[in-house]
Amino acid sequence: MRCGIYTPHRVYNGCKIVKRGMNQVKKFYERFCQIENILAVTCLVAMMLIVFASAVLRACGHPLNWATDIALFLTAWGTFLGADVAFRGGKLVRVDMLTNAFPEKFQKWLAAAMYVLILGFLCMLIFYGIDLSITTKMRTFQGIPGFSYTWVTIAVPISALFMSITAVRHIVANVRRALGKNADESIQEESILSLAQKEDSE
């Protein structure tokens with residue numbers, strides 16, 4: 001029986017389309033994470049090299065006037081992008097001596113609540129970071145005339161936006177684990193698949 005809008009075969013095809021779209025989004029996000037990781041490492045390594053070269057050349061009597069400004073720019077971006085990389089991998093410092101004493105399910109709900117608070121703080125960083133970037137538009141570096149200080153301060157709202165995406169993913173993951181959604185979804189997908197195969201055989 002293929003007539004009707006909500007036949008198992010149509011539902012299964014719809015699930016396949018949604019799953020294909022989610023896989024594409026997942027691949028795009030994974031590629032974005034790789035690029036972000038590379039940029040964070042590149043900024044920090046370049047900052048160290050510039051500071052080292054500046055110290056050596058200053059000792060030789062040939063200081064680089066722009067080295068401090070560029071190092072500040074690279075430090076800001078490397079630090080905030082690196083914060084998202086660490087946040088996504090669960091590498092930030094946390095105190096779990098008390099939370100480990102609670103049941104595992106309660107720990108998941110508590111972790112989701114903490115990530116909600118972090119998300120609220122990140123939203124504030126985005127709002128005030130954009131305002132700060134606008135107010136520093138006319139400020140320029142002393143060693144690099146014409147280079148606006150906004151290119152440094154805008155690292156705050158942009159990185160906070162990336163961290164907000166990470167926080168939402170953490171919230172969803174902890175809520176799903178607390179509700180046991182993973183097992184339920186796999187059972188539901190298998191039942192849809194079996195119904196569609198049964199319909200095809202008929």
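Does Leu49 count as buried or exposed, and at what relative accessibility? At 55% relative accessibility, Leu49 counts as exposed, where buried means under 20% relative accessible area, exposed over 50%, and partly exposed in between (1.4 Å probe, protein chains only). The structure is a predicted model, in which local features need pLDDT of at least 70 and side-chain atom pairs count only at pLDDT 80 or more, whereas totals for chains, interfaces and linings use all residues. Residues are numbered from 1 along each chain as its sequence is written, and side-chain values use heavy atoms, with hydrogens and water left out.

Leu49 is found in helix α1, residues 8–59. Helices (H or I, at least four residues) and strands (E, at least two) are DSSP runs, numbered from the N terminus. Together with Val41, Val45 and Met48, Leu49 makes a nonpolar surface patch of about 360 Å². Patches consist of residues with over 30% relative accessible area and no salt bridge, like charges being joined within 9 Å and nonpolar side chains (Val, Leu, Ile, Met, Phe, Trp, Tyr) within 5 Å. Accessible areas come from the Shrake-Rupley method with a 1.4 Å probe, and for residues only the protein chains shown count as cover.

A nonpolar core is a set of buried Ala, Val, Leu, Ile, Met, Phe, Trp, Tyr and Cys residues joined through side-chain atoms within 4.5 Å. The largest such core has twelve residues, among them Ala40, Met47, Ile50, Ala67, Trp77 and Phe162. Helices α1, α2 (67–88) and α5 (155–179) each supply at least two residues of this core, and the largest share, five residues, comes from α2. Apart from its neighbours within four places in sequence, Ala67 is in contact with Ile50 and Ser54, contact meaning heavy atoms within 4.5 Å. A second, separate core of nine residues includes Phe87, Tyr115, Leu119 and Met163.

A salt bridge is taken as a side-chain nitrogen of Lys or Arg within 4 Å of a carboxyl oxygen of Asp or Glu. The count by this rule comes to two. Glu36 lies in helix α1 and Arg88 in helix α2, so the pair ties together parts that are 52 residues apart in sequence. Glu36 is buried, with a relative accessible area of 2%, and Arg88 counts as buried at 17% relative accessibility.

Arg88 also meets the side chain of Asp84 in a salt bridge (3.2 Å, N to O). These two residues both lie in helix α2, four residues apart, about one turn of the helix, and both are buried. Through shared partners, the salt bridges join Glu36, Asp84 and Arg88 into one network.
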